[in-house]
Amino acid sequence: MNRRDMLGTLSLGGASLLTAESFTGALAQNIDAASALTVAGTAPVKIRDIKTILTAPNGIRLVVVKVETSEPGLVGWGCATFTQRALVVQTALEQYLKPFLIGRNVDEIEDIWQSSYVSSYWRNGPVLFNAMSGVDIALWDINAKRAGMPLYQLLGGKVRHGADCYFHASGTTLSEVEDSVRRAMEQGFRHVRVQVATPGYAGYGARGTPPPPTSPNDIVGPTSPKAIWEPAPYVRMVPRLFEHLRTRLGEEVELLHDVHERVTLNQAINLCKSLEPYRLFFLEDPLPPEDNDHFRVLRQQTSIPIAMGELFNTQHEYVPLIKDRLIDFIRIHISQIGGLSPARKVAALCEYFGVRTAWHGPGDASPIAHAAQLALELASHNFGVHEGGGFARDTQEVFVGCPETKNGYMLAQEKPGLGIDVDERVAAKFPFPSGPPNFDYSWGTTRRLDGTVIRP
């Protein structure tokens, strides 16, 4: 029956009109019944409990979050690791977020993030954000498990088979770094971050001259510096490293370097210009986050690809650099900004401005954190590179189902959710060291010759 015939039939009288109404009513009943079945099949699952697990396999302090649900056996795992302030994050989780979130629906991920964000009037700090991250990643893990699919599928599906990783190579001499790079290449890595010690000085990312031994009463301070570092010798040393590596290794490997924010703007410009002939994949953190405005000047002065962001907490820090195209790679730490929910938004923003992702993934990020960012990397077109390439044996025993690395690619576990479970019994075998020091005191103690503390 075409539209004209149908209208004519409806106009003939009550019997035909009644038939049409009956049809409409029956259709509505069927829709209601189908909706009821759909709702019944996805009954609300609630947050029943939130637990914090502190474990230190391989000597690395990790904060793991376990979200238990009202559905028996359904749990989610998240990473809340702020290794230098782990106990404060534990307090934020157990004393503040947990009572705020018990009873919430696990599928309300966005609202849980937003309400947790403003549950503390003063916000934007690494303690709150890492605590929120633990819950956020765990909720994504839960919802992917409920969907019966790996997390990357829930985020849009694969656009690549694996995430290209970069290896950390370091040494006290140029030849030691070269040997380390060769070992990485033999394992299939195509990207290698290289760091070399500056002779006579302490170092970052490479073994430098160790500070002299101190007694318990010999406190490091402005009049008693121990680990000494100076930017000028470092800026002269790094180009020598890259000249050596390119001469010996050729162009087949992508080389990266981390400045770690320890130079001035002028020194950063000179360093970048001197490194241009060696075609770096990127130069990381040339300036501290307090000097974000300097990136506009640096961008105008060099063609070196710039990566930045591992110390950033909020959008006020990274959005300007992205929208003004002042960096080439975003390096923010996923748990430091609050978890996977904000990281998804950052990745989408970066795509529109030609910025690629290179999430911060050091050794003190748990395998859960790596698995979460891997899921996002597999589903994001503008992925750049994944930091890291493997997990030590003790860590693998605690985190069952760590992502595997083959031929330089990190591969997802093809299991629902993150694909990782935490063996709490094994985790308990690696407790945090009791008493002080309960974090790495090397931060804040490296100083210049005159005693001035080095940032960061």
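Which residue lies over the face of Trp229, and at what distance from the ring centre? I looked this up and found Arg262 there, at 5.7 Å from the ring centre; I count a charge as sitting over a ring if NZ of Lys or CZ of Arg is within 6 Å of the ring centre and within 35 degrees of the ring normal. I also noted Arg190, whose charged end sits over the ring of Tyr409, 4.1 Å from its centre.

Before going on, I note that this is a predicted model, in which local features need pLDDT of at least 70 and side-chain atom pairs count only at pLDDT 80 or more, while totals for chains, interfaces and linings use all residues. Residues are numbered from 1 along each chain as its sequence is written, and side-chain values use heavy atoms, with hydrogens and water left out.

**Aromatic pairs**

I searched the whole structure and found ten aromatic pairs, taking rings of Phe, Tyr and Trp (its six-membered ring) as paired if their centres lie within 6.5 Å, with planes under 30 degrees apart counted as stacked, over 60 as edge-to-face and the rest as tilted. Tyr121 and Trp122 make an edge-to-face pair, because their planes stand at 90 degrees, with the ring centres 4.9 Å apart. I checked accessibility (buried is under 20% relative accessible area, exposed over 50%, partly exposed in between, with a 1.4 Å probe and protein chains only): Tyr121 is exposed at 64%, and Trp122 is exposed at 72%.

Phe189 is buried, at 6%. I also recorded one aromatic cluster formed by Tyr166, Phe281, Phe282 and Phe329.

**Salt bridges**

With a salt bridge taken as a side-chain nitrogen of Lys or Arg within 4 Å of a carboxyl oxygen of Asp or Glu, I found 25 in the whole structure. Arg104 and Asp111 meet at 2.6 Å, N to O; Arg104 is buried at 18%, whereas Asp111 is partly exposed at 44%. Arg246 and Glu251 meet at 3.9 Å, N to O, with Arg246 buried at 9% and Glu251 partly exposed at 46%. Salt bridges that share partners join Arg48, Lys51, Lys66, Glu68 and Glu424 into one network.
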